[in-house]
Structures are given as C-alpha cells and as structure tokens.
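Take a look at the protein below.

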Amino acid sequence: MAELSLTNIVKRFGGFEIIHGANLEVKDGEFVVFVGPSGCGKSTLLRMIAGLEDITSGELRIGGKVVNDVEPADRGIAMVFQSYALYPHLTVEENLSFGLRMNGNPKADTERRVSHVADILQITELMKRRPKQLSGGQRQRVAIGRAIVREPEVFLFDEPLSNLDAELRVQMRVEISRLHKQLGTTMIYVTHDQTEAMTLADRIVVLRAGNIEQIGAPLDLYDDPANQFVAGFVGSPKMNFLTAVVVEAQPGRAVIALESNPETRLPVPIAEPVEAGTKVTLGIRPEHFADAGAGDADLTVAIDVAEHLGNTSYIYAAIGSEQLIIERPESRTAGNRETLTVGLPARHTFLFDGAGKRLR
Ligand code: ATP
C-alpha cells in the first residue's frame, strides 16, 4: 500500500498546456475519484500517474519515492481500463495468471493468488471459460481480477464501467466499493458519472479545463461547493441556476429578486459584501424546494413535463426564459396541472457572482 503525491504537475502536448500545475496528496488506502467534463484532463492525469504519459514538469511520488522516470511496470500500480482487453484465446484462469507467469513468478504462488482473486470476485465457476463465453460484467470482473493478482500498491481505474449497461454498472460499482474495503489499497478512479463519484469516493477531485477546482469528501462538495462550476457538477439532477438581482444589501444579508419573476423577493444571508443592483445567480437543488408557503418566498412556475417515478416526481418547469427541475415527493393527485407553486427555503440556496464565485 502507498500514498501518492502530485506536486505542480504540468502536462503539455506540443504547444498546448493541458494540465496547469496539479497538486494532490492521496493518503494510503484512500479512494480518490477524478471527475470533470469531457476533455478536462482526467485521463491524462491518471495516465501520468500510471507512467503511460510523460510528465512535462512537476513531481510525482508513490510511497514517498519520486517516480517521474520510473517505468510503468516498476511503479507498483495496476490499471483497469474501460475496454477490458482480455486475451480471447485464453481461459479466465489463464488470463488471470498470464502476467505472473510471464514474470516468472513461482507456480504455487501464482495458483494461490489466482484462486484468492477468483474467490474475492466470485468467479471461481468461470475459470475454464474463455472471454467470449462471459457477459460484459463477468469480463470486467476478470479484468479487475487481472489487476488484483499483481498485488499492486495503487489501483488506477479509467472509466471501468462505462461499457456496461445501467444495471450492471450499479452492481459493479458496489463490487468495487466492497473490493476497496476488503483490500484497503489506494485507488484512483476516473469517471464522468457523478453517482459513481459520490458513492465510491473518500474524496472527489473536480477538474475543469486542466485545473483542480475543488477536492473534498462527496457530501462536503454537495453541501459546500467552492464555486458555481462545482455546484453544478456535483449532484443529480443538477442544481438549478436562476438569474437574480440584489435589490437590498446590508452587511451579512441581502434581498434578491428573480429576473424572470421580480415579485419573488428572497432574503438571503451572505458571506461576501454585495451592492444593490448587482446581478447574481441563485442556486437551488431540485430536492430542496419546499411546499408553497413553507419557504422564505414562493415561486410559481409553468410545468413543462412531469415525470412520476413512484417514490418521487421530477417537474421540468420554466420561469420566464429559464428552465428548472423540481423534485417533489410523489403526489398521486398531481393531475394535469399547468403551474406549480413551491417555496424557496433561503437556507438551502446558494448565491454566485457573475464569475461563478460564491457569495454565500
Ligand atoms: P474524457 O472524459 O472525454 O475522456 P478527459 O477529461 O479524460 O476526457 P483527457 O483525455 O485527459 O480528458 O484529455 C485532456 C485534453 O488533452 C483534451 O483536450 C485532449 O484533446 C488533449 N489530449 C489528450 N491526449 C492528447 C495527445 N496525445 N495529444 C494531444 N492532445 C491530447
């Protein structure tokens, strides 16, 4: 097992800087997830840790040792990719033992490790099959098994579940979580599925255009996002953002009016001073609307589509030109209403300035 540390890591491809100086300390045994929109540099960062990409500048340490120039095979890491690339002509057992046999690992030890891994992943009954006789989930389990038999100090996962269907993804997600508990190995996992990030991570690293925007425990990011980008990225469905203007400002407190519905005036506590007349963005998560009358202001929206899921409803609605999603407890008498009035609880709202910086 090992801790991992990135100091001012920069990556340039040709003239383009893709990673702009990443700093991160991963503790021994920690499960860290990299998330961010497509192209933000998640895979590049992971591949630099794996040694599959050169580090332009900065320092990478694994277990305290600088490994910038250490070969991938000598870094004590194992990587699982989204395309599981098993050898088609080998059985599951042979696929699992292949790397160890190539390295000249003693036969008895190889057998012990392979059978232990088969036990952990519950694939013992599949050992004599070849990859094409396996389901997608079983193949991915074998791919993970191939990483485990190497007994690495650090596991790297690059979107390992993105080729699986929805049900299998959930199942494998739970298995990876269990595996982490069982092995206690340091794991770094790249995904753009934010449910995976929320459920698997001890800490999430949110990346945007080659910069780390925030690092924190999943619920800390949910409750206390550093800025509008993180607020919009963590949580599903996404946080709603409504344009508003400050109509009254006092130290520690402001009253804002929604641009699309100026009668809606919401008093909010603020952490940063603002001036009356400032344009701001009000953030509220779909699950945080209250019943009409139960918040600090009421808001009436035009219902576009209502999805009734049995336990909860998602109301896709509009207010002026702005769209929003409202999650409400299932109401079986909802019928075909055209408008909905909900309460806005100030304590569940966020406020951002024009640059996405948090004002509260
Ligand atoms: P995705 O979620 O789509 O996989 P990502 O966050 O993993 O995206 P990367 O694959 O790390 O993003 O890519 C980051 C940026 O680096 C992108 O703009 C990409 O085009 C660029 N890039 C990646 N590999 C190379 C390369 N070999 N040469 C030049 N540019 C590259």
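This report covers confidence, domains, the core, a sheet and a helix.

The model is predicted. Its mean pLDDT is 92, and 98% of the residues reach 70 or more. The scores are ipTM 0.96 and pTM 0.90.

The protein is divided into two parts, domain 1 (4-233) and domain 2 (240-352). Their C-alpha centres lie 39 Å apart.

The largest nonpolar core has 91 residues. Val33, Phe34, Leu156 and Ile188 touch the most other members. Both domain 1 and domain 2 give residues to this core, so it lies between them. Nonpolar side chains tend to be buried together in soluble globular proteins. Beyond its neighbours within four places in sequence, Leu156 is in contact with Leu46, Ile49, Ala50, Ile77, Met79 and Ile188.

Now the sheet. It is open, has 4 strands in the order S2-S1-S4-S5, and pairs antiparallel. Strands S2 and S5 are the edges, each pairing on one side only. S1 and S2 pair over 8 bridges. Arg12 has Glu17 in S2 as its bridge partner.

| Strand | Residues |
|---|---|
| S1 | 4-13 |
| S2 | 16-26 |
| S4 | 57-62 |
| S5 | 65-66 |

Helix H1 (residues 42-50) comes next. H1 lies across S1, S2 and S4, at about 65 degrees to S2. Which residues of H1 are buried? They are Lys42, Thr44, Leu45, Leu46, Met48 and Ile49. Residues three or four places apart in an α-helix point the same way, because there are 3.6 residues a turn. After H1 comes Gly51, with a positive phi near 90 degrees.

Technical notes: Residues are numbered from 1 along each chain as its sequence is written. This is a predicted model: local features need pLDDT of at least 70, side-chain atom pairs count only at pLDDT 80 or more; totals for chains, interfaces and linings use all residues. pLDDT is the predictor's confidence in each residue, from 0 to 100. A residue is buried if 20 or more other C-beta atoms lie within 10 Å of its own, exposed if 12 or fewer, and partly exposed in between; C-beta atoms are placed from the backbone. Helices (H or I, at least four residues) and strands (E, at least two) are DSSP runs, numbered from the N terminus. Domain bounds come from an automatic or database domain assignment. A nonpolar core is a set of buried Ala, Val, Leu, Ile, Met, Phe, Trp, Tyr and Cys residues joined through C-beta atoms within 7 Å. Two residues are in contact if their C-beta atoms, placed from the backbone, lie within 7 Å. Two strands pair if DSSP finds at least two bridges between them. Axes are lines fitted to C-alpha atoms, for helices over the stretch in contact, and angles run from 0 to 180 degrees between N-to-C directions.
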